[in-house]
Amino acid sequence: MGCEITTRERAGVINPMYDCQPAGAQYAGIGMKDCIPLVHGGQGCTMFVRLLFAQHFKENFDVASTSLHEDSAVFGGHKRIQDGVLTLVRRYPDLRIIQVITTCSTEVIGDDIEGNIRYAEEQIAKEFPGRKVYVVPVHTPSFKNSQVGGYSECVLSTWKTIAKEKVAPTGKLNIFPGWVNPGDVQLLKHYAKEMGVDASIFLDTQDFDSPMLPDKSIHTHGRTTVEDIRASTGALGSLSLARYEAASTVDFLKKEFDVPGHTVSSPYGIANTDAMLRKISEITGKPIPLSLVEERGVAIDALQDLAHMFFANKRVAIFGHPDLVIGLAEFCIEVELEPALLLLGDDNTRYKKDPRIVALKERVNWDMEVVCNADLWELERRIKDDPKKYDLILGHSKGRYVAIDANIPMARVGFPTFDRAGLYRHPTMGYRGAMLLAEQIANAMFTHMEYVRDREWILNTW
């Protein structure tokens with residue numbers, strides 16, 4: 001028994017687990033107010049990503065494309081960048097940020113992104129004197145890394161472009177949760193309010209769960225403003241909740257503006273949430289209030305009702321974003337589930353040395369496999385080889401067919417989730433997230449018991 005860390009041996013990818021870097025960059029871009037990302041590539045690089053966002057959030061988001069064609073592939077797409085930026089500035093008078101996001105084709109062509117941005121900025125200054133639009137170069141070639149790296153790169157590049165000088169101390173705390181749902185953003189705001197902490201959540205995607213108002217106005221956009229980004233340089237500290245999606249920007253603020261930077265494990269489960277709240281208390285000097293202690297107690301009581309009776313020794317396969325997968329594995333151990341397979345889906349070589357995976361390796365007393373640069377065929381193959389080895393699958397909706405074919409219960413978590421209603425508005429992080437996730441897992445297992453008539457009696461024990 002023990003933990004084995006491997007890498008996908010095949011050269012090709014079958015049923016990829018993640019999308020490409022530009023997809024992650026676009027998700028970061030739409031998390032900012034008065035911002036429209038401009039994807040420098042073919043229309044599909046924008047259309048299919050917007051479709052994913054619409055499937056997940058049931059909302060529409062503004063993302064533009066330079067609509068690259070064959071002539072640009074031969075002669076370069078310089079004019080497409082220039083025309084694209086100027087068209088957006090002319091059409092949207094309130095626009096303040098444009099991220100020019102490269103794709104595999106434009107990186108291979110070798111278009112001079114920075115040079116074209118300088119030219120476009122000169123034209124903007126001539127045509128709109130006194131108006132400032134931040135045009136951000138975001139290099140995200142699709143043939144390496146994934147949406148995880150693309151998200152990180154876009155956030156970092158935007159901060160480098162806008163945060164140019166240190167402002168006066170604001171007394172605020174920067175919190176970078178990484179790629180999370182609106183429900184998680186609202187939960188983090190709730191924690192900050194309960195502790196009396198003035199916090200900025202980057203990126204603030206609360207309005208992705210947007211209201212339908214009587215005046216028919218549209219509020220589906222990010223809340224993070226240019227002013228918020230500038231003010232982050234005067235914060236009393238920055239807290240990264242995602243090593244692979246947020247830590248690079250926290251490091252930038254620390255290096256360039258002496259903003260103390262801290263990284264904690266993503267707050268999935270009780271112990272990780274405890275550690276996050278203690279770190280916030282340490283940075284700000286604010287105590288953890290009784291209201292959160294009681295919230296913790298409610299969650300522990302709910303988990304206790306399920307753990308030993310229903311979860312003990314059930315083997316789980318988990319796939320998705322690395323910080324999410326590792327955090328879910330830690331949560332599983334808390335509730336007596338056994339994470340037996342962790343799938344991390346891109347070519348980042350740092351995963352194998354992640355201290356959280358090293359700690360997991362030392363804790364488990366069952367067979368556990370961590371597969372780096374994995375795809376969903378790795379999940380399907382292992383389940384087909386031994387269908388009785390796994391009792392549950394945790395991951396996003398792209399793994400649904402594996403679960404259906406193998407007749408294994410699956411709880412949806414991560415991005416994208418489009419075959420279950422409303423999951424984006426529920427937190428996965430924090431005490432409440434742990435409780436909701438455990439209940440979702442239990443209900444998936446209970447429904448499966450009823451469907452296959454397997455140990456259904458256990459539901460009527462009392």
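A: N407 is partly exposed, with a relative accessible area of 39% (buried is under 20%, exposed over 50% and partly exposed in between, with a 1.4 Å probe and protein chains only). The model is predicted, so local features need pLDDT of at least 70 and side-chain atom pairs count only at pLDDT 80 or more, while totals for chains, interfaces and linings use all residues. Residues are numbered from 1 along each chain as its sequence is written, and side-chain values use heavy atoms, with hydrogens and water left out.

N407 is not a glycine, yet its phi is positive, about 55 degrees. N407 sits in the loop between α16 (400–406) and β14; helices (H or I, at least four residues) and strands (E, at least two) are DSSP runs numbered from the N terminus. E336, also not a glycine, has a positive phi of about 75 degrees. The loop that holds E336 runs between α13 (322–334) and β11 (338–344), and E336 is partly exposed at 33% relative accessible area. Most residues other than glycine have a negative phi, and most peptide bonds are trans.

Two peptide bonds are also of note. F415 and P416 are joined by a cis bond with omega about 0 degrees, and P416 lies in the loop between β14 (410–412) and α17 (430–452). The bond from F202 to L203 is cis as well, with omega near 10 degrees, and L203 belongs to the loop between β7 (199–201) and α9 (226–231).

Between them, 16 residues of domain 2 are in contact with 19 residues of domain 3, where contact means heavy atoms within 4.5 Å. The two domains bury about 1500 Å², 62% of it on carbon and sulfur atoms; buried area is the accessible area (1.4 Å probe) that two parts lose on being put together, summed over both. On the domain 2 side, Y27, K33 and R96 lose the most area to domain 3, together 36% of what that side buries.

The rule finds one salt bridge across this interface, a salt bridge being a side-chain nitrogen of Lys or Arg within 4 Å of a carboxyl oxygen of Asp or Glu. The side chains of R96 and E227 form a salt bridge at 2.7 Å, N to O. On the side of domain 2 that touches domain 3, α1 (21–29) and α2 (44–57) are the elements that give two or more residues. The largest share, four residues, comes from α1.
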